[in-house]
Amino acid sequence: MKSYNTPSEAYLSVLEDVFFDPEYECSPRGQLVKEKTDYSFRVLQPDFKPIVTMCPERNEAIKAYTKKELDLYLSKTNKVEDFAKASKFWNHIANADGTVNSAYGHLIWKKKSLGKDVKMTPWDWCVNSLKSDKDTRQAVLRFSLPEHHYSGNKDFVCTLGGNFLIRDNKLHLSISMRSNDLVLGLTYDMPFFMKLIYIMRDELLDTYPNLEIGSYTHFAHSFHVYDRNKDKVLAMLGLS
């Protein structure tokens, strides 16, 4: 697994690797993609700033949408009317009841889906696990749920889950995804996931006052670039 110092360094390296040296070329739902499978990388100095590429115009778009999506997740909403203010795309994948499944903040901070006797959110589970045992391996943060498995689902959650670990007094987070679009997915996913490390660290400081920020590890069963986005890719890599 490759390690990088910054999120932007990691992003550009992975983008170049998948685009120019794909493991497969396939067409899920009839849409041509270049793909690498079961691929991972680590960021040693995680932060939640927008990804910076070699294309100034693209950077402005990334910066603007990163803020919108981060604000949506932190608001804990799952209403499509809120998400559609950031991008009309969300209207096309909304549920009949006016919600979206991939409302990550809602999934981890509002949805009480854990616990047989005492219901708690996935986030609460992680906080309690880490406070109870500094060396725990059970601080699993769930995103994809069994209820998302139904025919006709237009918003099949891409993120499977995360795992917080405290090792050598540093808080680390690993995220596992079933599918990750490198142009319109990873670009915005990383800042939010890395923000979670900082939020969790703040939650734990009363228990572990000297806890430090550790690394961020990202794993995807499918990293891919859609053929329709090749011009954006070349621009971000500084090749057009």
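Helices are DSSP runs of H or I with at least four residues, and strands are runs of E with at least two, both numbered from the N terminus. The structure is a predicted model, in which local features need pLDDT of at least 70 and side-chain atom pairs count only at pLDDT 80 or more, while totals for chains, interfaces and linings use all residues. Residues are numbered from 1 along each chain as its sequence is written, and side-chain values use heavy atoms, without hydrogens and water.

Helix 6 (residues 186–204) comprises 19 residues and spans 27 Å between its first and last C-alpha, close to the 27 Å expected at 1.5 Å a residue; the expected span is 1.5 Å times one less than the number of residues. Of its 19 residues, 14 are buried (under 20% relative accessible area, with exposed over 50% and partly exposed in between; 1.4 Å probe, protein chains only).

The search of the whole structure returned 19 aromatic pairs. Rings of Phe, Tyr and Trp (its six-membered ring) pair if their centres lie within 6.5 Å, with planes under 30 degrees apart counted as stacked, over 60 as edge-to-face and the rest as tilted. The ring centres of F89 and W90 are 5.9 Å apart and the planes lie at 70°, so this pair is edge-to-face. F89 is partly exposed at 46% relative accessibility, whereas W90 is buried at 5%. W109 and F192 also form an edge-to-face pair, with centres 6.3 Å apart and planes at 90°. This pair links distant parts of the chain, with W109 in helix 4 (residues 104–109) and F192 in helix 6, 83 residues apart. Both W109 and F192 are buried.
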